[in-house]
Amino acid sequence: MTGTQHFDVIVIGSGSGTKLIRPVANLGYKVAVIEKDAYGGTCLNRGCIPSKMLIHPADVITTIKTEAPKLGIHLSFDPSIKNPISINQKTLVSRVCSEIDKDSESIGPMYDRLPNITRFDGTASFIGPKKIRIQLKSCVASDTSNSLSVVEISGDRIFVATGCHASVPTAEIPGLAGTPYMTYREILRNPIAYESMIVIGGGYIACELGYYAARVGNTKVTFLVREKMLRGEDEEIRKEFEKEFSREFDVRIGYVVVSVRYEEEGGGWFHVTIECKETKDVQVLKSRALFVAAGVQADVESLGLELTGVKTTKQGFIDVDHRFETACPRIYAFGDVIGRYLFKHAANFEGEWLFKTLFAPPQAKGSVQKWTDENGGILYPPIPHAVFSSPQIGGVGLTEQQAQQKYTPEGIIVGRCDVADVAMGAALMATSGFIKLIFSRVDKRLVGAHMIGEQASVVIHMAIAYMHMKATLDDLMDTIYIHPALVEVLRDAARDAVRQFNEKQ
């Protein structure tokens, strides 16, 4: 170990931390980046991007199996073939991993070419409020000799952007520890098409990747859900998803996992004992694979936060103020690790906001003042989200339940339109799906929008733009919509809201 190197800025994590690393270095600051895993973070390596690359083939298979027959398209198959629609999962996963790894592996060398950035490939641990010890991975650091295994650095400002990792309830489920279960990290790189799989969880990770496994692998997937699926969604949207998803897959709602046992003989079998919360009936399910998607937790275990004065919440996320500063001055945290919005696009916005407020010269601050309150804290724009499953979900702003709490039930108007009721919905022969627009009754402002069904993640962007501009119902009605595009559901939901406003005047 040599003497301590000092930096103007230290960024721990190379996912959304990228929103600070290069921009700050380009201003002449001396920047250190510490990454213990693959460069690019969760989204690039084991989250948003690879999952959507795998889910797209699942959507194609769904179209062939479910949608094509409704349109009178019939494909001829050999009746002796058990699964006539198939895909080489090994080839698919290999292609996706190759593309992802290529992108990830290009990031480190790119940093090496920039004069003000020093990267450390290893695990960071605080040894004081402004001092970090790095256990180097394979003794690699971009400006130290390969003989070193540990380095110590200090910084004027330190930013923690370590994200989250899978939360695995080994303490709550006897027998789970030590078995070859998968989390999202493993299933995204798994080339095996199992004949059967049990999924523990009903959140968006379970619904997206369980759907992928069922469609691409022709896998019989059973979902075990303690209470309800996608519990953070608007209740009407959530119920519609639960209904439609359960038509396609084996969904057991109201069940708890009592224990897990793994049997290696016969190619490997999981024996999962479950209990119905209502009836107390107990049964044992058997499957070749087990996917645990029971949530995520902040990736902070190795950071040594107790040596800094940085506090965490009851849920284990790093506690920050409205400027993303922790209880230890000049140590900041943002992204998934603070637990506000567990979306890559939200983490990117937070990183960009930090750069503009702390480092950018006046001419480069852009519209940051629009998203900054009178005390210098962040004001979030509408944060959208989507669930890429079957059916698809897109949403932004308040749910109907949240709007009722904020404005009272009488203080809102909810316009609604079924996908099947517009021309493109008819062309698609849609049998389910709808959009709902939530308006404040006092000023007619759009305060929430939620859609389930075909192209929901795309259609919802019109509502995102409207909310960003603080649009009213009149603005929606003044817009010309392409006919017969699916976005006409938004127009007709607005028309429904107009009808209700007129009736209640």
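Which side chains meet in a salt bridge at 2.8 Å, N to O? I looked this up and found Arg-215 and Glu-248.

**Entry 1: basis.** I note that this is a predicted model, in which local features need pLDDT of at least 70 and side-chain atom pairs count only at pLDDT 80 or more, while totals for chains, interfaces and linings use all residues. Residues are numbered from 1 along each chain as its sequence is written, and side-chain values use heavy atoms, with hydrogens and water left out.

**Entry 2: salt bridges.** I took a salt bridge to be a side-chain nitrogen of Lys or Arg within 4 Å of a carboxyl oxygen of Asp or Glu. By this rule I recorded 32 salt bridges.

I returned to the pair of Arg-215 and Glu-248, whose side chains meet at 2.8 Å. This pair links distant parts of the chain, with Arg-215 in helix H6 (residues 204-216) and Glu-248 in helix H7 (residues 235-248), 33 residues apart. Helices here are DSSP runs of H or I with at least four residues, strands are runs of E with at least two, and both are numbered from the N terminus. For burial I used relative accessible area with a 1.4 Å probe and protein chains only: buried is under 20%, exposed is over 50%, and partly exposed lies in between. Arg-215 counts as buried because its relative accessibility is 7%, whereas Glu-248, at 39%, is partly exposed.

I then examined Glu-235 and Arg-238, whose side chains form a salt bridge at 2.9 Å, N to O. They are three residues apart in helix H7, so about one helical turn separates them. Glu-235 is partly exposed at 21%, and Arg-238 is buried at 4%.

I also noted a salt bridge between Arg-288 and Glu-195, with the closest N and O atoms 3.4 Å apart. Here too the pair links distant parts of the chain, 93 residues apart: Arg-288 is in the loop between strand E12 (282-287) and strand E13 (289-292), and Glu-195 is in the loop between helix H5 (184-187) and strand E7 (196-200).

Finally, I listed a network of salt bridges that links Asp-234, Glu-236, Glu-400, Arg-416, Asp-418 and Lys-436.

**Entry 3: cysteines.** How many disulfides are there? I counted zero, taking a disulfide as a pair of cysteine sulfur atoms within 2.5 Å. The sulfur of Cys-276 is too far for a bond because the closest cysteine sulfur, in Cys-207, is 19 Å away. Cys-276 counts as buried at 10% relative accessibility, and Cys-328 is buried at 5%.

**Entry 4: backbone.** I found a cis peptide bond between Ser-390 and Pro-391, with omega about 5°; Pro-391 is placed in the loop between strand E16 (385-387) and strand E17 (393-397). Another cis peptide bond joins His-483 and Pro-484, with omega about 5°. The loop between helix H12 (473-477) and helix H13 (488-504) holds Pro-484.

Where is Leu-230 found? I located Leu-230 in the loop between strand E8 (220-225) and H7. Leu-230 is not a glycine, yet has a positive phi of about 45°, and is buried at 6%. Arg-330, likewise not a glycine, has a positive phi of about 70°. I found Arg-330 in the loop between strand E14 (296-298) and strand E15 (331-333), partly exposed at 35%.

**Entry 5: helix H11.** Ile-464 lies in helix H11 (residues 456-468) and counts as buried at 15% relative accessibility. I noted that Ile-464 and Val-498 are 34 residues apart in sequence and 20 Å apart in space, C-alpha to C-alpha.
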